[in-house]
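This report describes the fold and selected local features of one protein chain. The sequence and the structure are shown first, and the description follows.

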Amino acid sequence: MTLRTAGTRPSGDTKGRILDAAEDLFIEHGFEAMSLRQITSHADVNLAAVNYHFGSKESLIHSMLARRLDKLNEERRLLLDQFERRFADNGKGNGLSCEHVLGALFIPALRLSRDPQNGGRAFLRLLGRAYTDPSSFVRAFLAAHYASVSDRIFEAFARALPHLPKEELGWRLNFSIGALSGVLAGSDPTKLLAPFARGEPMNDLHLISRLASLMVPALKAPLPDETAFATLSAVLDDANAIEAEAAIEAAAARESELETERNAQGLNSTPPGAVNHPGSAESRKPDRADRVDAGASSHGNTPREPGGGSRSALSWPGGTTAGGFRYRVF
């Protein structure tokens, strides 16, 4: 990312230059890695100017995020309101669709990314960084200031996808939106999507269609059934068995090395007819049943009963405390 220079704003707009500098550095480095010294240097101001306008680094970042995200979330709320009025459920099952809720989530962001006054080209990267930044300060700010819009969007998704328990829906949104945020935080979306455009301009339809092609199937997928549980349980059992066998083979190899060293020193202490150590090279390799049992035991897995729960430590989304899950809307 090319950082803006202080000369892109009028010399008298000190506050605006500080906000621009903070935004650029936040996108590039994140909250914890950026310093007031970097901000003052990039904005070509002194520390007294930052203290005068904002008082602290935290207050500055608060103002920087609010000047972009306040408008974004207001636009999201308004568009969702309009969609809900237009497509109100009349009891015939034709209420707001999952695609419309995604539209309310993403269309305002795309529009602001083309508005140099309220967003600009770096807006989507700022959005991605804000929702992937690990600092507790940024997370607390987002939760405190945008929870009402997040809750509105979540409830709209819940009405559009009534087959999903809310815990499951929360997990799916958290994973899919979190993955998208991570991509946007590290890449210029225009360059990222350029290979798919084949030289043609990428408009909102292209962008939304690609986002929807990833997110809609993930959100609409049915809950896993017993067949899915059994398949993945077998995969976990096989992985545990491989790990257990590798541990036994490593122990046997080590025992063989020690035996060789003892023989070389004439200190072989194993008397004739003694029972081999369980981990020695002469001990038998486990058969598949032993390996599966060892793998399950090492990971706390329990065998699957016919028609019962998983025999492995597989824990599906939704197993957390009911009602205690909160996802972060991108």
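## Overall architecture

From the N terminus on, the elements of the protein chain run α-α-α-α-α-α-α-α-α-α-α-α. The model is predicted, and its secondary structure comes to 12 helices and zero strands. The protein chain has 330 residues, of which 36% count as buried. Among the contacts in the protein chain with a separation of 6 or more, 74% are accounted for by residues 24 or more positions apart.

## Helix α1 and its surroundings

Helix α1 spans residues 14-29 and has 16 residues. From its first C-alpha to its last, α1 reaches 22 Å, close to the 22 Å expected at 1.5 Å a residue. Why is α1 described as largely enclosed by the rest of the structure? The reason is that 12 of its 16 residues are buried, a class that requires under 20% relative accessible area. The buried residues of α1 are Gly16, Arg17, Ile18, Leu19, Asp20, Ala21, Ala22, Glu23, Asp24, Leu25, Phe26 and Ile27. These buried residues pack against the helices tabulated below.

| Helix packed against by the buried residues of α1 | Residues |
|---|---|
| α2 | 36-43 |
| α3 | 47-53 |
| α4 | 57-86 |
| α6 | 123-130 |
| α7 | 136-160 |

After α1 comes Gly30, whose phi is positive, near 90°.

## The annotated segment

An unreviewed UniProt entry carries the annotation "DNA-binding region" for residues 35-54. Over residues 35-54 the chain is 75% helix and 0% strand. The end C-alpha atoms of this segment are 14 Å apart.

## Packing of α4 with α7

Two packed helices are described by the angle between their axes and the distance between the axes. For α4 and α7, the angle is about 10° and the axes are 10 Å apart. This angle makes α4 roughly parallel to α7, since angles under 35 degrees fall in that class. The residues of the contact of α4 with α7 divide into 13 nonpolar, three polar and eight charged.

## Ala179 in helix α8

Helix α8 covers residues 166-186 and contains Ala179. Is Ala179 buried, exposed or partly exposed? At 47% relative accessibility, Ala179 counts as partly exposed, because that class lies between the 20% and 50% cut-offs. Ala179 and Thr132 are 47 residues apart along the chain, and their C-alpha atoms are separated by 9.1 Å.

Notes:
Residues are numbered from 1 along each chain as its sequence is written. This is a predicted model: local features need pLDDT of at least 70, side-chain atom pairs count only at pLDDT 80 or more; totals for chains, interfaces and linings use all residues. Side-chain values use heavy atoms; hydrogens and water are left out. Helices (H or I, at least four residues) and strands (E, at least two) are DSSP runs, numbered from the N terminus. The expected span of a helix is 1.5 Å times one less than its number of residues. Buried means under 20% relative accessible area, exposed over 50%, partly exposed in between (1.4 Å probe, protein chains only). Contact means heavy atoms within 4.5 Å. UniProt positions are given in the numbering used here, feature names are shortened, and annotations may be inferred rather than shown by experiment. Axes are lines fitted to C-alpha atoms, for helices over the stretch in contact, and angles run from 0 to 180 degrees between N-to-C directions. Angles under 35 degrees count as roughly parallel, over 145 as roughly antiparallel, 65 to 115 as roughly perpendicular and the rest as oblique. Ala, Val, Leu, Ile, Met, Phe, Trp, Tyr, Cys and Pro count as nonpolar, Asp, Glu, Lys and Arg as charged, and the others, Gly among them, as polar.
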